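I opened the model to look up a few things about the fold and the metal site. My entries follow.

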Amino acid sequence: MVEQTESSANGVGAYGITRHAQPFPYWDRRRLVGEWDVEQSVQRIVHYKYFEERLSAALGGWGATMPEMDCKNLVARHCYEHAWHADLWRKRLPELREVNEDRSEPPNDAFVRFVDKLTEPFDHDLTMEKLVGIYRVAIPHLLAVYTFHQHVTSDITDSPTVRILGFMLQDDHKQYVEGEMMIQDLAATPELRKRAGAWQLELDLLLGEAGGICGPGTLGGLPKIQKPPHAVLGDELRKRREAARKVAEAASSS
Amino acid sequence: MKKFMTSDELARDDRFTRSSLPLDFLMAEEVTVEQIETTMTTLLSNPDMLKSMEDEGGAASLLSGGPRLNPEEERAKLTMKTQMHGIFMGEMQALEAAGRSAWDFQDNEELPWEFQLDMCRQTWDEGRHVEIYSALLDHVDCEIGEFNENLFLFEFGCSDDPAERVTGVNRCLEGLALDVFQQTIRFGKAADDETIAQSVDFVSADEVTHVKFGQVWAKALTEGDPERRQKIVNFQRKVDRAFSLGGLRGGSYDGGATEAFLPIAREFRKVAGFSDEEIDEVAGAGPKVTS
Ligand SMILES: [Fe+2]
Ligand SMILES: [Fe+2]
């Protein structure tokens, strides 16, 4: 016979049929209600998918235009990672009641202008601009947006999205670091540093005009932090305790 | 970024030099032994390698006298260096060709998303092959840029028509890769060189997938359109003829051929979806050789 402790008597920490547990462990702090409903989630995902597709195509196209072999190989590797991300989104869409899994839409014209500018460099000596566009503008933006999404969506009802975001964020963190290492290594002169900074600023302003991958409010939303109840002190606390004592006395005398 | 690059626009660092493409030779329906000799001389361009070919009896020996490479032969190392450098450049062009397919056809209505996914996947795989072959170059004491690059794989493979592109790159170029890799794996085993045999074995497994991409997409793009199908078949014959290097490719390992310069990897090609008939067509794609 297992000795009953106070917590196991409440079903917590018990073993077998006396463990009156919820379908998740008691330390699970996930939230049931997230920032968006199903339709709103789909609307964001088709924007993500648009960007991942454009990004993967550009990384593929740039390979042939970079004379630096290590850069050529870097973008070839990352090309597939973004195509895979787009494909994860494609598979998630029908799970969210979207019948057209090929939907893929920019949020507004300004975002299209941003992506067109980002993918514009072609000449062999523009490796710096190509890398800066991807690793200093596009990837940091994705890291911010995907992390935001992972934090605010319901991690119970929308947990398939949270899970695939984990894979993408893992790739993007690695890409961010690999890209920055390459940029640091290539930017050997003040001139190259200036070019990197100027191009980053130009793209960032365009991204700002668009409001982000989902348009204005890409990272916005209502604060949904669970707040503890306000403190009850002084007179109010004394009255509340008195009332409780009277209820208890009445119960014991009857 | 512009679409549809030409082969002379491919970016390289300054270690690389290019030899000009013998286009007329590669396209000809009939070639002479002398022409083969001249072309090989241009393509090889490395004095040591040229001397080695002469010692073996010239280009004619490539056609008749089975230079199946014995790893103990004097010329073994130099030949491996030449071949591996050529494949290294081929892998780089394959990376570039697959990546350009992802870019060039991204908004082509005819092509579903899966096409782009396949092309991006191939881009990554070819990048890995570039890494593997650069390590193998080191393994056989070859420097990057030690031999000239010729751009005929990209040149012939990269058509602006997606059906021709996948046929040229994925069926013809990758098919040629299967033939070459089978030869290299055998060489590696014969030399008791696990580094060569095992790494190329993995590379060739990837290439089978790439050939499959070509089979699937060429078929999908020409389904129910006999005219286009015929156009693609003609294009394929043209590229297969060019890739036969003047008829040096033929025979097959599985048929026990030991005399051909570059036998066809029949079994690998079958796994990739080639029919016997199609393999015979590739084997017979070379020009007529006259003396
Ligand atoms: Fe390859
Ligand atoms: Fe390949």
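**Chain A**

I looked up burial and found that 44% of the 254 residues in chain A are buried (under 20% relative accessible area, with a 1.4 Å probe and protein chains only). This is a predicted model, in which local features need pLDDT of at least 70, side-chain atom pairs count only at pLDDT 80 or more, and totals for chains, interfaces and linings use all residues. Residues are numbered from 1 along each chain as written, chains are lettered from A and ligands numbered from 1 in the order written, and side-chain values use heavy atoms, without hydrogens and water.

I noted eight helices and zero strands in chain A (DSSP runs, H or I of at least four residues for helices, E of at least two for strands). The C-alpha atoms of chain A fill a box of roughly 90 × 50 × 40 Å along the principal axes.

**Iron site, chain B**

I listed the protein donors of the iron ion (ligand 1): Glu91(B) (OE), Glu126(B) (OE), His129(B) (ND1) and Glu207(B) (OE), at 1.9 to 2.2 Å. Donors are N, O and S atoms within 2.8 Å of the metal (3.2 Å for Na, K and Ca); water is not among the atoms, so sites may look incomplete. Along the chain, the donors of ligand 1 are spaced E-x34-E-x2-H-x77-E.

I then checked the iron ion (ligand 2), which lies 3.2 Å from the iron ion (ligand 1), with Glu126(B) coordinating both. Glu126(B) sits in helix α6 (residues 113–139) and Glu207(B) in helix α9 (residues 194–222), 81 residues apart. Glu126(B) counts as buried because its relative accessibility is 0%; Glu207(B), at 1%, also counts as buried.

Notes
Buried < 20%, exposed > 50% of the residue type's maximum accessible area, 1.4 Å probe, protein only.
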